[in-house]
Amino acid sequence: MNEQSSPSVRERIERNTKRRGMTKLTETLMPNVFLICAIISILTTIGIIITLISETLSFFQAVSIIEFMMSSEWYPLHNDASYGIRPLLTGTLVIAFIAMCIAIPFGLASAIFLSEYASDKTRRTVKPILEVLAGVPTIVYGFFALTFVTPILQHLIPSLSIYNALSPGIVVGIMIIPMVASLSEDAMSAVPDSLRQGAFALGSTRLEVAVKVVLPAAFSGIIASFVLAVSRAIGETMIVTVAGGANPTASIDITSAVQTMTAYIVQISLGDAGYGTTEYYSIYAVGMTLFIFTLIMNLLAHFISKRFREVY
Amino acid sequence: MLAELKKPAVETRIHAQTANNKRDVYQIDQLNLWYGADQALKNIDMKIAENEITAVIGPSGCGKSTFIQTLNRMTELIPSVRTSGSIYYRSQNIFDKSFRVEQLRTKVGMVFQKPNPFPKSIFENVVYGPKIHGIKDKRLLADIAEKSLKGAALWEEVKDRLKENATGLSGGQQQRLCIARCLAVEPDVILMDEPTSALDPISTLKIEELVTELKEKYSIVMVTHNMQQAARVSDKTAFFLNGEVIEYDETARMFSSPRDSRTEGYISGRFG
């Protein structure tokens, strides 16, 4: 190359350095732009919490908090209204419990298969498919529960009513299998291969390696996935609204209709109650309860994965 | 095992070739190994004697780690691996369909390059092997733990904190814990894949002393990058290059008068 006609790299860099005054401006400006974007989402959360709290307080001016927590009847639309959260809480927890009975064994088994047995190729095909399952709109799951699962269950349990807790519970469980599987698989894949090799070298079988070495080592991640799944099941709305019915009851009967906290919020939001009425404010109180539950669950998941995380 | 006791005649014949009349734990015939299309081991023929330390040396990528991982069939964990030839462990071909790989790995322990204790307590680490092989008696497990930790020269340092997590130990202690874990199932052979390469010189010295003691009871095959280490601790040395055994002989002899010029080049530090 001709040195005189083309400047050396060093010269080019020096020339460019002078032009980097602009860069300095963007360097100070951009962090602020990023900060503002971050603050927006935080402000939104704070806004939601403030709305929830203030409207909940309005509710508790009309209804005593003792009645809300202690009464076992929830009849907000009666003339003689009763606001006891227990029936909604029971409905929610029953659904979440049924869902976890499905999601934990199937999700964990899928995770063990994917992480410990499947070949790379299988894992690369199966995991995206599982995650697609997680992307199906929940309303589709709702009708799946109502028009497919419920009729099948009615063959098995003749006394099952059209709206019941069992069918949406099972389908919520199916919906969160991918979540449990995917998060547990992540936790198990994060266990270093050196531990597996150590166990194999002592004469362990594949199952022993999976159950006695990998599972305990990934324990915190797996439990965190369960807790997040519970949180998701508690917050699930469409499936239970479509297939669970609208019958708030404090008795635990999985074959008859129930109502969850979320389904109640849907029912009232759809226009059964006028603005400013006690029923209207009640959805905030229920929403607050729901929020507290999922918040505790998420904090718990966070705590477990931090506190019990193994350092390899 | 009964089968071994019955066959002294054959064994002696095989061992007659080894200088000090010891029996062989391994006889390797025409071993070839491929990772996909790449051949990593080429026509390996070797005999490994019991109660000796056999060092495997050679430059990076020469197949020495692959070789010792073939001895307990750990290479099978890699899907693309293919092997041909035979390896006789105590006169049984380890590639036989009837030979259970878990049984082989119980008899042939392994210590890895990087210490890999399980994220469990020190005690649970040591008794993991005995436990999966069905030993449940608490007193016996405690005895095994003490004996194995003493065997690995770690007992004095950890006896008061057996319940603590093993990941809190220093690197050298972790490696001795891994040796203790290996001793706990009372293996016959111990394979060591560069056991000191991740350790400081003092820990290295401790492990070397330990290995020298262990050969009284165990047969040891040790891969090492460190030629002084091979010279210090081993009885025999195999020099690997590009997947082949270039030279395999008594360590003292090989280091004083190597037969092959490539061996000489490597051990005198001219390449590798």
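Which residue of β4(B) stands opposite Leu33(B)? In the predicted model described here, that residue is Thr83(B). Because the model is predicted, local features are reported only at pLDDT of at least 70 and side-chain atom pairs only at pLDDT 80 or more, whereas totals for chains, interfaces and linings use all residues. Residues are numbered from 1 along each chain as its sequence is written, chains are lettered from A and ligands numbered from 1 in the order in which they are written, and side-chain values use heavy atoms, with hydrogens and water left out.

Helices (H or I, at least four residues) and strands (E, at least two) are DSSP runs, numbered from the N terminus. In chain B, four strands form an open sheet with the order β2-β1-β4-β5 and antiparallel pairing; two strands pair if DSSP finds at least two bridges between them. Strand β1 (residues 24-35) of chain B is joined to β4 (residues 81-89) of chain B by eight bridges, and Tyr35(B) has Val81(B) as its bridge partner in β4(B). Two bridges connect β4(B) with the antiparallel strand β5 (residues 92-93) of chain B, where Asn93(B) lies opposite Tyr88(B). These two strands, β4(B) and β5(B), form a hairpin with two residues between them, and Arg90(B) in the turn has a positive phi of about 45°.

The contact between the chains (heavy atoms within 4.5 Å) takes 23 residues from chain B and 20 residues from chain A. About 1700 Å² is buried between chain B and chain A, with carbon and sulfur atoms giving 64%; buried area is the accessible area (1.4 Å probe) that two parts lose on being put together, summed over both. In chain B, the most area is lost to chain A by Pro119(B), Tyr128(B) and Ile132(B), together 30% of what that side buries. The elements that give two or more residues to this side are α4 (101-107), β6 (108-111), α5 and α8 (171-183) of chain B.

In chain A, the end C-alpha atoms of helix α9 (residues 206-217) are 15 Å apart, which agrees with the 16 Å that its twelve residues should span at 1.5 Å a residue; the expected span is 1.5 Å times one less than the number of residues. Buried residues (under 20% relative accessible area, with exposed over 50% and partly exposed in between; 1.4 Å probe, protein chains only) of α9(A) include Glu208(A), Val209(A) and Leu215(A). Their cover includes α4 (86-117), α7 (166-189), α8 (193-201) and α10 (219-235) of chain A, together with α5 (122-132) of chain B.

Among the buried residues of α8(A) are Leu195(A), Arg196(A) and Phe200(A). Just after α8(A), Gly203(A) takes a positive phi of about 90°. Ser115(A), in helix α4 of chain A, counts as buried because its relative accessibility is 11%. Leaving aside neighbours within four places in sequence, Ser115(A) is in contact with Arg123(A), Glu185(A), Met188(A), Ser189(A) and Arg196(A).
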